[in-house]
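Me: I'd like to learn how to read a structure like this one. Could you walk me through it, one feature at a time?

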Amino acid sequence: MLAAQSGDEVAYEQLLRELNLWLRAYYARRLPHPAAEDARQEVLLAVHAKRHTFSPSRPFGAWITAIARYKWVDRVRDASRYNVLALDEEIAIEDHEGAAISAAALDQLLGRLKPSQESVIRLVKLNGLSIARASGATGQTAALVKINIHRGLKKLAALVS
């Protein structure tokens, strides 16, 4: 560490490689794998950011162990903040089969109408556009939009019954 502090890049790389190995072993006994990897990386970043704070008069082992221990405690605290919920084998999900079948049936029925009727029914009744906006979108007059909706709905009612 002293050589790394004085600018020796080779010594610094060697230090990080050795710390990496030591941290893997240190956290493998203390944390689950994903959390251990995160903690290991946090320590390496902390060493990089705070290497100037290491005092040569103190033992390096105690310094690095303190950093590793603090990061471990942080991970344990983080894990305790989240409740773990057991998932049942059978999780209730909403059934969309009926809606999908209804949508397919509606598409088939609308396909049996004249294109001018089908388009305005889709725009006004299904998409919620106003008569005026449907008129502008289709090029039909507002009166013709109303007529096509009325006739189209009448034909749909006859098809369904």
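This is a predicted model: local features need pLDDT of at least 70, side-chain atom pairs count only at pLDDT 80 or more; totals for chains, interfaces and linings use all residues.

Me: At what angle do H6 and H7 pack?

Reply: The angle is about 140 degrees, and the axes are 9 Å apart. An angle over 145 degrees would count as roughly antiparallel, so H6 and H7 are described as oblique to each other. Their crossing is right-handed.

Me: How do the axes of H5 and H6 cross?

Reply: Helix H5 covers residues 97-111 and helix H6 covers residues 115-126; their axes come within 9 Å and cross at roughly 140 degrees. That is why H5 is called oblique to H6. H5 also passes H6 in a right-handed crossing. On the H5 side you find Leu 106, Asp 107, Leu 110 and Gly 111, which meet Glu 118, Ile 121, Arg 122 and Leu 126 in H6. By class, the residues of this contact of H5 with H6 are four nonpolar, one polar and three charged.

Me: What about H7 and H8: at what angle do their axes cross?

Reply: For helix H7 (residues 131-138) and helix H8 (residues 142-160), the axes come within 9 Å and the crossing is at roughly 100 degrees. Angles of 65 to 115 degrees count as roughly perpendicular, so H7 is roughly perpendicular to H8. H7 contributes Ile 131, Ala 134, Ser 135 and Thr 138 to the contact, and H8 contributes Ala 142, Val 145, Lys 146 and Ile 149. In this contact of H7 with H8 there are five nonpolar, two polar and one charged residues.

Me: Now single residues, please. Is Leu 113 buried or exposed?

Reply: Look at the relative accessible area: under 20% means buried, and over 50% means exposed. Leu 113 has 6%, so this residue is buried. You will find Leu 113 in the loop between H5 and H6. Leaving out residues up to four places away in sequence, Leu 113 touches Glu 118, Ile 121, Gly 152, Lys 155 and Leu 156.

Me: And Arg 112: is that residue buried or exposed?

Reply: Arg 112 has a relative accessible area of 53%, so this residue is exposed. Arg 112 also has its place in the loop between H5 and H6. Not counting residues up to four places away in sequence, Arg 112 touches Lys 155 and Leu 159.

Me: Let's visit H3. What does Arg 40 touch there?

Reply: Arg 40 is found in helix H3, which covers residues 33-50. With residues up to four places away in sequence left out, Arg 40 touches Asn 20, Leu 23, Arg 24 and Tyr 27. The side chains of Arg 40 and Glu 37 are joined by a polar contact of 2.6 Å. Arg 40 counts as buried because its relative accessibility is 8%.

Me: Where does Val 47 lie, and which residues is Val 47 in contact with?

Reply: Val 47 lies in helix H3 as well. Its relative accessible area is 0%, so Val 47 is buried. Setting aside neighbours within four places in sequence, Val 47 is in contact with Leu 19, Trp 63, Ile 64 and Ile 67.

Terms used
Residues are numbered from 1 along each chain as its sequence is written. Side-chain values use heavy atoms; hydrogens and water are left out. Axes are lines fitted to C-alpha atoms, for helices over the stretch in contact, and angles run from 0 to 180 degrees between N-to-C directions. Helices (H or I, at least four residues) and strands (E, at least two) are DSSP runs, numbered from the N terminus. Angles under 35 degrees count as roughly parallel, over 145 as roughly antiparallel, 65 to 115 as roughly perpendicular and the rest as oblique. A crossing is left-handed if the near helix is turned anticlockwise from the far one by less than a right angle, and right-handed if clockwise. Contact means heavy atoms within 4.5 Å. Ala, Val, Leu, Ile, Met, Phe, Trp, Tyr, Cys and Pro count as nonpolar, Asp, Glu, Lys and Arg as charged, and the others, Gly among them, as polar. Buried means under 20% relative accessible area, exposed over 50%, partly exposed in between (1.4 Å probe, protein chains only). A polar contact is a pair of N or O atoms within 3.5 Å; within protein, one must be able to donate a hydrogen and the other to accept it, and residues adjacent in sequence count only if both atoms are side-chain atoms.
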